[in-house]
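Thanks for coming. I have one structure to show today, and I will go from the overall fold to single residues.

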Amino acid sequence: MKGIISICGKGGVGKTTLAALLSRLVLEEKNSRGLAIDADPAGGLSLALSLPIKKTVNDLRKSVIASIKTHSTDSLNLAASIDYQLLEALSEYRNLAFLAVGRPEEEGFYCQVNTFLREAIEKMAGHFDLVLIDAEAGVEQVNRRVMGQIDLLLLVSDLSAKGLRVAETIKQVADEAMQYRSAGLLINRVRSKKELAEVQQSTHLPLLGWLPEDPRVRQFDMAGRSFLELPDCPSLQAVRELSRSLIV
Ligand SMILES: Nc1ncnc2c1ncn2[C@@H]1O[C@H](COP(=O)(O)OP(=O)(O)OP(=O)(O)O)[C@@H](O)[C@H]1O
Ligand SMILES: [Mg+2]
């Protein structure tokens with residue numbers, strides 16, 4: 001798996017689960033480095049991976065603004081300090097790194113800081129083979145703050161018509177507001193091939209893959225266990241299958 005993948009979709013359809021399963025898969029690809037970014041202010045991916053949030057991008061933003069206010073740094077030092085602090089904010093587990101974006105705030109007069117931050121995140125992302133972004137539910141905006149350009153917009157939906165319509169709307173919004181190379185649908189919580197075929201017929205979005213309804217996912221979520229410890233199970237096999245077609 002390679003590239004920058006943004007995982008989007010309606011609330012509750014399984015974005016964080018998919019991001020966690022893909023992160024689990026990174027551990028199997030020992031020669032590649034993965035970066036999982038939790039871009040949902042609610043912050044579920046940290047829990048799903050049981051990785052600590054040392055410092056969010058937003059915490060970093062606040063400290064940068066504070067140092068600008070005290071005029072204690074020039075822009076060259078500022079950029080270097082952002083790079084350094086961003087590395088410090090990463091949690092790491094084997095060949096996987098994790099970064100949380102945190103709660104966004106008003107742009108104010110500090111859009112220059114946001115540009116600095118985005119550039120720093122993009123630069124850092126360049127050191128990883130795979131970058132996974134667990135986006136905020138709905139027609140998201142955080143993504144643009146995180147990364148200017150992505151490779152794959154992975155639209156997640158459950159079997160509901162609502163989930164599919166939201167996925168289609170996100171795609172429309174992304175067409176206008178984002179730079180991405182390709183986009184496709186992942187259907188989650190599938191119980192039969194028949195169901196999948198029916199859903200596939202009711203949308204124009206290209207189907208990239210699907211995940212089965214998996215009791216293991218429920219168990220792990222109920223117990224608050226890390227998905228990085230997930231044993232081989234149907235959903236992990238399905239994600240492994242999906243990853244073969246996700247070479248971006
Ligand atoms: N394939 C699956 N099999 C069984 N349960 C699943 C599956 N996918 C997701 N779930 C369950 O559905 C619930 C919602 O999943 P998840 O948190 O991944 O959704 P989300 O899209 O990230 O939600 P939010 O929009 O709130 O961030 C969780 O309780 C999870 O355990
Ligand atoms: Mg989530």
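What radius of gyration would a compact globule of 248 residues have, and what does the protein chain have? The compact globule would be near 18 Å and the protein chain has 18 Å, so the two agree. The radius is taken over C-alpha atoms, and the globule rule is 2.2 Å times the number of residues to the power 0.38.

Before going on, some housekeeping. This is a predicted model, in which local features need pLDDT of at least 70 and side-chain atom pairs count only at pLDDT 80 or more, while totals for chains, interfaces and linings use all residues. Residues are numbered from 1 along each chain as its sequence is written, and chains are lettered from A and ligands numbered from 1 in the order in which they are written.

Now the overall layout. Taken along the principal axes, the C-alpha atoms of the protein chain fill a box of roughly 65 × 35 × 30 Å. The protein chain has ten helices and eight strands. These are DSSP runs numbered from the N terminus, helices being H or I with at least four residues and strands being E with at least two. Of the 248 residues, 40% count as buried. Buried means that 20 or more other C-beta atoms lie within 10 Å of the residue's own; exposed means 12 or fewer, partly exposed is in between, and the C-beta atoms are placed from the backbone. Contacts are counted when two C-beta atoms, placed from the backbone, lie within 7 Å. Among contacts between residues at least 6 apart in sequence, 78% join residues at least 24 apart.

Take L186 as one case: beyond its neighbours within four places in sequence, L186 is in contact with L18, L154, L155, V156, L208, G209, W210, L211 and L242.

As a reminder, an α-helix has 3.6 residues a turn, so residues three or four places apart point the same way.

How many residues surround ligand 1? There are 20, and the closest are G14, T16, T17, A137 and D221. The elements giving two or more residues to this shell are α1 (15–26), β7 (179–190) and α9 (215–223). A residue is put in the shell if its C-beta atom, placed from the backbone, lies within 6 Å of the ligand. By class, the shell has four nonpolar, nine polar and seven charged residues. Nonpolar covers Ala, Val, Leu, Ile, Met, Phe, Trp, Tyr, Cys and Pro; charged covers Asp, Glu, Lys and Arg; the others, Gly among them, are polar.

Then a few single residues. L60 is in helix α3, residues 57–69. Is L60 buried or exposed? L60 is buried, because 23 other C-beta atoms lie within 10 Å. Setting aside neighbours within four places in sequence, L60 is in contact with K55, I82, Q85, L86, A89 and L117.

E195 counts as partly exposed, with 15 C-beta neighbours inside 10 Å, and L196 is partly exposed with 16. Outside four places in sequence, E195 is in contact with L159 and V190, while L196 is in contact with I187, V190 and W210.

Last, the backbone. S50 is not a glycine but has a positive phi of about 50°, and S50 sits in the loop between α2 (45–49) and α3. R94, also not a glycine, has a positive phi of about 50°, and R94 is in the loop between β3 (91–93) and β4 (96–100). R94 counts as exposed, because R94 has 11 C-beta neighbours inside 10 Å.
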